[in-house]
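Colleague: Please open the entry, so that we may go through its helices, its salt bridges and its surface in turn.

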Amino acid sequence: MSFLGRVRTSPRRLVTLGVLGGSFLAAMEATIVATAMPTVVDQFGGLAHYSWVFSGYMLTSTVTTPVWGRIADVYGRRRPYLVALAVFLLGSMLCGVAASMTQLILFRALQGIGAGGMLPLGMVILGDMFSLEERARAQALFAGVWGVSSVAGPLIGAVLTESASWRWIFFMNLPFGLVAAFLVGRFLVDTLREDRGDVDYVGAAVLMASVTALMLALNQTGVPDASLSPAIVKALYVAALALGAIFVALERRAAHPTLPLTLLADRMVATTTLSGALLGIAIFGALAFVPLYVQAALGRSAREAGSVLTPLLLGWVLMSIVTGRLLPRVGFRPFILSGLTCVSLGFLGLATVWPDSPMWLLRVYLGCMGIGMGMTMLSLLLAVQATVARERLGVATSLGQFTRSIGGAVGVAVMGAVVAASLPPGSTDPALLAIGLHRAFVVGAVVSVVALASALLVPRGLPEQKTTSV
């Protein structure tokens with residue numbers, strides 16, 4: 001019997017609509033705040049803590065992802081998803097009434113805890129309801145929602161901030177989130193296995209502590225005006241490593257581990273996880289630094305800087321839809337290899353762009369990267385979901401998103417350090433900044449080529465989903 005209860009055709013579509021709506025809100029919150037923050041700083045002050053409004057959300061959404069996945073494998077998909085959505089909406093409401101920068105940062109972190117469950121559990125619910133061919137199309141819609149939210153977030157944030165108040169970028173989540181909660185709560189039915197096990201809360205706490213230390217250290221690495229001293233950053237790296245070792249030791253002995261290391265014994269899971277982590281390092285660096293390159297190094301307007309990623313995101317969305325239709329017939333490996341080839345070519349092209357290069361050339365390279373992302377991200381997700389047993393679907397899906405998020409944090413930190421190393425203290429010389437960003441793109445190109453090489457290890461064929469655990 002499927003881990004998830006049988007869902008009739010029409011209600012299944014309503015559940016899908018609810019999941020996509022909730023996921024759109026959670027994904028959009030990562031970007032929508034950017035255009036409102038100058039107004040928030042004018043009202044509250046606290047410019048020194050500006051970055052924590054973003055970092056707090058990304059930190060908590062990342063560290064809680066694998067825990068939510070395990071909880072969903074134990075208690076089913078419906079209740080954990082609704083709890084995650086409720087936490088997200090509570091955080092949104094509190095952000096909307098925040099009276100200081102400190103409160104806004106804390107409530108954004110609460111939002112992130114909910115988002116850490118909504119995004120992976122949404123993918124798990126779709127993976128459970130559909131066959132492989134149907135799942136490819138449904139997950140392609142999910143990828144499209146992610147891409148659209150990345151484009152729409154800054155635009156919606158700007159419109160609401162200018163026409164109403166920055167607080168409405170949080171309040172708007174409430175009605176849409178309640179509709180999503182109704183659809184999922186009303187039409188999704190779980191069927192729990194008797195041998196579902198338990199949640200390893202000790203292991204989960206150690207994992208979250210390790211990843212928190214790592215994310216904090218990465219966030220402060222290579223930042224000229226970092227709020228933490230170099231000694232504290234080094235201590236955080238040491239703590240992350242030590243706690244990570246303790247976590248591995250605990251997981252080896254746990255009867256029901258939070259993140260089963262046995263998953264990595266499967267070649268498909270291990271290779272796609274590695275490729276996804278490397279891809280996260282490259283692509284999140286591009287998303288973070290390309291707009292800066294356009295505005296600060298090329299001297300273009302803020303509007304041009306904001307729209308330069310549109311070809312990447314459109315390519316991502318459109319190719320996700322195409323891949324979803326063709327993948328069941330072609331297989332995972334060809335799309336993963338083709339996609340990573342496009343990403344590598346796009347990054348290599350990006351590394352050749354200089355201030356005197358035409359803007360259209362930059363957009364072509366970014367479009368190439370977006371096409372590659374559309375093929376790769378969907379294929380990596382479906383390869384794992386088609387490989388593991390349904391009772392491990394939650395933790396396996398969360399593993400992929402978790403490692404890509406960690407990779408993204410590493411990528412932003414490394415590229416940021418490369419840029420900072422090219423600038424004298426306090427300097428904002430556009431010529432030196434262009435050199436630093438160029439070097440960062442070279443790093444991204446190298447990492448994407450390594451990701452392509454790692455994908456050569458991905459097994460061929462279309463595995464049938466197992467009925468027992470890995």
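Modeller: The buried residues of H3 are Trp52, Val53, Ser55, Gly56, Tyr57, Leu59, Thr60, Ser61, Thr62 and Val63. Buried means under 20% relative accessible area, exposed over 50%, and partly exposed in between, with a 1.4 Å probe and protein chains only as cover. This is a predicted model, in which local features need pLDDT of at least 70 and side-chain atom pairs count only at pLDDT 80 or more, while totals for chains, interfaces and linings use all residues. Residues are numbered from 1 along each chain as its sequence is written, and side-chain values use heavy atoms, with hydrogens and water left out.

Colleague: How many of the 12 residues of H3 are buried?

Modeller: Helices are DSSP runs (H or I, at least four residues), numbered from the N terminus. H3 is mostly covered, and its buried residues number 10 of 12.

Colleague: What span should helix H3 have at 1.5 Å a residue?

Modeller: The expected span of a helix is 1.5 Å times one less than its number of residues. Helix H3 covers residues 52–63, and its end C-alpha atoms lie 16 Å apart.

Colleague: Which residue forms a salt bridge with Glu29?

Modeller: A salt bridge is a side-chain nitrogen of Lys or Arg within 4 Å of a carboxyl oxygen of Asp or Glu, and the whole structure holds three. One of them has an N to O distance of 3.2 Å and joins the side chains of Glu29 and Arg108. That pair links distant parts of the chain, 79 residues apart: Glu29 in helix H1 (residues 9–32) and Arg108 in helix H6 (residues 101–129). Both residues are buried, and the partner of Glu29 is Arg108.

Colleague: Is Leu318 buried or exposed?

Modeller: Leu318 is found in helix H14 (residues 310–330). Its relative accessible area is 55%, which means that Leu318 is exposed.

Key. Helices (H or I, at least four residues) and strands (E, at least two) are DSSP runs, numbered from the N terminus.
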